[in-house]
Amino acid sequence: MPPLRILSIFNRYLQYGGEETMAVKISGTLSRQAMVEEYHYSTAEWLEEGKLTAPFRGLHNRSVLRRLRLLQQEHQFDLWLIHNVFPAMSPAVYREARRLNVPVIHMLHNYRFGCLNGLLFRDGRECRECISGNFLPGMKNRCWNQGLASSLFSAFFQTAARKSGILEHAARFIALSGKQAELLKSIGIPESKTAILPLFVETYLQPFTPPPENGDILFVGRLTPEKGLMTVLRAWSGITTQRRLVIAGDGPQRKELETWVREHRLDNVIFKGFVPLEEQAPLWESAAAFIAPSIWHEPGATTILEAMGRGRPVIAFAKGAACDHLADPAHGWLMDPDRPDAILKTIQAVLDTPGETLCRMGMQSREFVREQRSPEAWLKLFMEMAEEAVRQNRQDS
């Protein structure tokens, strides 16, 4: 079979985030064995064309469809890899793929088909009220952007997406973890069409620095409620130690977290703010372990893989992709976010773990990433899936 021609489709959000980073990395990795074109349309571009008409274009974006038709006519793609079409590209993209008879592999970075905000998380807790496709609770609770109008739009969008035929006609849906695959089944995505393909990182290629004795516990990421840092801080306040909890990141919850730390006089909790990737080396060198306390079912959890690739064992809640990455106890510790006593005991146990043990765990984690979460491992599995999807589509045509 000649190299596959793949169109990678992504609707960029107003704020750059992990989904876009991963979509770009995936295109670069696919380019090793396929001819890849990217079509990225931005939410900012959608709004600039007119805010009053944006909701209508978000449900049927004619300019996006014209562009897709021209791209397909010019390049004759064998496959569309869709990452995201919300909120601006419109569910009509799914119908257009079917009209053009192009097989679709849809990589699901969130739970958008069954949740207005895509997180299955609301008001500091897990929420599955809309998972079956009835979005009335989400509209009532203003779950997208905390607004009624925006939540109404998201509800119309998700309903149109579910009715577009994509759930039945996609060649494959990619779940990024076993837990996500379970939840997607509840959303209505056919189990027979769902493949589990974890994301990849390349931090294992960097020189290994052993975790230092009495090193920091490090968090790197966006400061939002679903990341679970408040739960960690409450546990940390019950530990007597000179060791530091270092928090590198920014976000809407930062002020709340800093205020709580100040009020509870936790002098060993350090906020670094946003630290660019190229400046993070000192943070990792001084870290004994990494903490990733997401309290939502994070589908990919690449920060866990990045830490493991750097040779740092990970402390995480037993949610989402963390359950896959840390299935082997040699890679770290899984905790129940609903048991404060167990969280405190686990963090204390990590602080008491000898440096030699942490080093051994870090090396085993690093090897796991090299063997099972590398771009090469990901590419092999994806290409097998893609080639099968293309063959099946040609047989059915």
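The model is predicted, so local features need pLDDT of at least 70 and side-chain atom pairs pLDDT 80 or more, while totals for chains, interfaces and linings use all residues. Residues are numbered from 1 along each chain as its sequence is written, and side-chain values use heavy atoms, without hydrogens and water.

Student: How many cavities of 30 Å³ or more are there?

Tutor: A cavity is a set of points, on a 1 Å grid over the protein atoms alone, where a 1.4 Å probe fits but cannot get out. Points are joined across faces, edges and corners, and a volume is the space filled by probe spheres set on them. By this rule, the cavities of 30 Å³ or more number four.

Student: Which element gives the most residues to the lining of the largest cavity?

Tutor: The largest cavity has a volume of about 120 Å³. Its lining (residues with an atom within 4 Å of a point) comprises 15 residues, with Asn-84, Tyr-94, His-106, Arg-112 and Phe-113 the closest to the centre. Strand E3 (79–84), strand E4 (104–107) and helix H7 (148–163) each give two or more; helices (H or I, at least four residues) and strands (E, at least two) are DSSP runs, numbered from the N terminus. The most, three residues, come from H7.

Student: Which residues lie closest to the centre of the second largest cavity?

Tutor: The second largest cavity holds about 90 Å³ of space. Of the 15 residues in its lining, those closest to the centre are Cys-115, Cys-127, Cys-130, Gly-138 and Cys-143.

Notes:
1 Å grid on protein atoms, 1.4 Å probe; cavity = no way out; pocket = protein on both sides within 12 Å on 5 of 7 lines; lining within 4 Å.
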